Amino acid sequence: MPSLETSAGTVAYDERGEGEPIVLLPSGAHSRHDYDELRELLGDRFRTIALDWPGHGGSPEGPDPASAMSFADAAEALVAAVAPRGAVVVGNSVGGFAAGRLAIRRPELVCGLVLVDSGGFAARTPVIHAFCRLMSRPWFLRRFYPTFARRYMRPRAEADRRAMAAAVETTRQDPGLRTVCQLWGSFAAPQHDLRREAGTIAVPTLVVWGRCDPVIPVRVGRRIAASIPGARLAVLESGHVPYASDPDAFAAELVPFAEAALGGEKGVAAGGTA
């Protein structure tokens, strides 16, 4: 499996297909394999590139404490390396923060932006700060994560259960446990707040949200779509990881958006939608 050296550490990634590029950024504690079913639906009509964050899956722990900002740095380095002329960038949770920041800082690398139950756009309330502090403590995260994962995944399919099990396993021991704790500690940082810059995003944007997400509720998705010029919101019947819960419905939204953003016709969309 190929890898790339970045300022945040070495990131492993894989590529499938031969068409125009779509870069897939997972949630924290999760891996590139969350996108497997979606990538099967996309087939060869797109070239999909999915990474493992530092300290996750096939990527070793980074040299510095992990943070949403360092993950965004890694995502920027990856997109610049594998799709220097631009790609559709899909990001879930912390991956959404990374994708959104990339669209703000390096719009030439983003042909289309897909924010999926995205971090980086919610208000910083005292309750959120307290929860992030708790989740940054290894003893708490290790004990609480199995329950937390069941709540935010709302698993109903084999892909959901596999993704949930992998996320729980990541948080059982270091380096995954340490990395995810550090990541949660960074979510309360001012640099993790993209709300003031959302209105400057000028690339085509699709916001996809799970109606049943208890971590970042759908009202946040509605606010994001309203704050980014021209953005469209699609709400799916899922939890925090809709492309694993319902890959067919997700592909039906992604394919026509990506075709338009990349400027080419790629044939019939998944599920029979043109």
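Start with the largest cavity, which holds about 50 Å³ of space. A cavity here is a set of points on a 1 Å grid over the protein atoms alone where a 1.4 Å probe fits but cannot get out, and lining residues have an atom within 4 Å of a point; the volume is the space filled by probe spheres set on the points, joined across faces, edges and corners. This is a predicted model, with local features needing pLDDT of at least 70 and side-chain atom pairs pLDDT 80 or more, while totals for chains, interfaces and linings use all residues. Numbering runs from 1 along each chain as its sequence is written, and side-chain values use heavy atoms, without hydrogens and water.

Select Ser 7, Ala 8, Pro 54, Gly 62, Pro 63, Asp 64, Pro 65, Ala 66, Ser 70 and Phe 71 to see that cavity's lining. Its classes are 6 nonpolar, 3 polar and 1 charged (nonpolar: Ala, Val, Leu, Ile, Met, Phe, Trp, Tyr, Cys and Pro; charged: Asp, Glu, Lys and Arg; polar: the others, Gly among them).

Next, pick Pro 54, Gly 55, Glu 61, Gly 62, Asp 64, Ala 66, Thr 179 and Gln 182, which line the second largest cavity. That one is about 30 Å³.

Now go to the largest pocket (an open set with protein on both sides within 12 Å along at least five of seven lines), at about 840 Å³. Of its 34 lining residues, Ile 128, Phe 131, Trp 184, Val 215 and Ile 216 lie nearest the centre. Then colour helix α5 (138-153): the largest share of the lining, 5 residues, comes from α5 (helices are DSSP runs of H or I, at least four residues, numbered from the N terminus).

Key: Helices (H or I, at least four residues) and strands (E, at least two) are DSSP runs, numbered from the N terminus.
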